[in-house]
Amino acid sequence: MVITHGPKRWAGLPVFVVALALVAVAGSLASAGSGEEYLALERPSWAPPSWLFGPVWTVLYVMIAVSGWLAWSARGWTPALGVYAVQLVLNAAWSPLFFGAGRYGLAFAEIVLLWASIVATVVAFRRISRPAAWLLVPYLLWVTFAAALNFAVWRLN
């Protein structure tokens with residue numbers, strides 16, 4: 001099913017926004033009150049300030065939602081959106097592991113899976129919609145950085 005124009009196309013956007021809002025809520029609930037805990041951790045000198053994470057993730061979540069919506073608009077539900085859904089679940093799972101449980105090693109293993117699923121999503125979306133794929137590149141770069149930071153925190157603590 002190809003959804004290229006009209007009200008049906010726009011009707012799908014809120015679904016993607018809500019999906020990303022749920023991922024964001026899961027992350028924020030898991031990391032609520034963890035600001036002091038994060039500051040108490042041994043961190044590498046290149047670790048960003050804790051206030052930066054919220055604004056960065058907000059922008060990324062909007063881009064991720066639009067990306068999924070563009071892929072859906074181009075072809076409807078395809079296996080590529082299944083891969084997209086997997087990376088959303090992995091995204092939602094990382095904060096409870098890192099912040100909620102303090103399982104830095106397990107969180108690192110999980111973020112490696114997240115990174116691989118984002119790469120798979122970019123590759124799958126590129127075949128459907130290049131703008132959808134490109135919208136995920138900043139997310140991939142941030143998760144690459146977050147994985148390096150997660151690894152450093154794990155090793156230091």
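Q87 sits in helix 4 of this predicted model. Its relative accessibility is 1%, so Q87 counts as buried, the cut-off for that class being under 20%. Beyond the neighbours within four places in sequence, Q87 is in contact with I64, L114, S117, I118, T121 and Y139.

Two or more lining residues come from each of helix 1 (7–31), helix 2 (35–40), helix 3 (53–75), helix 4 (79–100), helix 5 (104–126) and helix 7 (137–156). In total, 27 residues line the pocket, and those nearest its centre are S31, F53, W57, S95 and F99. Sorted by class, the lining holds 16 nonpolar and 11 polar residues, with no charged residues.

Stepping back to the chain as a whole, the secondary structure consists of 7 helices and 0 strands, giving the pattern α-α-α-α-α-α-α along the sequence. The C-alpha atoms fill a box of roughly 50 × 25 × 20 Å along the principal axes.

Among contacts with a separation of 6 or more, 79% join residues 24 or more positions apart. Buried residues account for 43% of the 157 residues. The accessible surface of the chain is about 8300 Å², and carbon and sulfur atoms contribute 72% of that area.

Technical notes
Residues numbered from 1 in each chain as written. Predicted model: local features only at pLDDT ≥ 70, side-chain atom pairs only at ≥ 80, totals over all residues. Heavy atoms only, no water. 1 Å grid on protein atoms, 1.4 Å probe; cavity = no way out; pocket = protein on both sides within 12 Å on 5 of 7 lines; lining within 4 Å. Helix = DSSP H or I, 4+ residues; strand = E, 2+ residues; numbered from the N terminus. Nonpolar A, V, L, I, M, F, W, Y, C, P; charged D, E, K, R; others polar. Buried < 20%, exposed > 50% of the residue type's maximum accessible area, 1.4 Å probe, protein only. Contact = heavy atoms within 4.5 Å. Areas by Shrake-Rupley, 256 points an atom, 1.4 Å probe, with all protein chains shown as cover.
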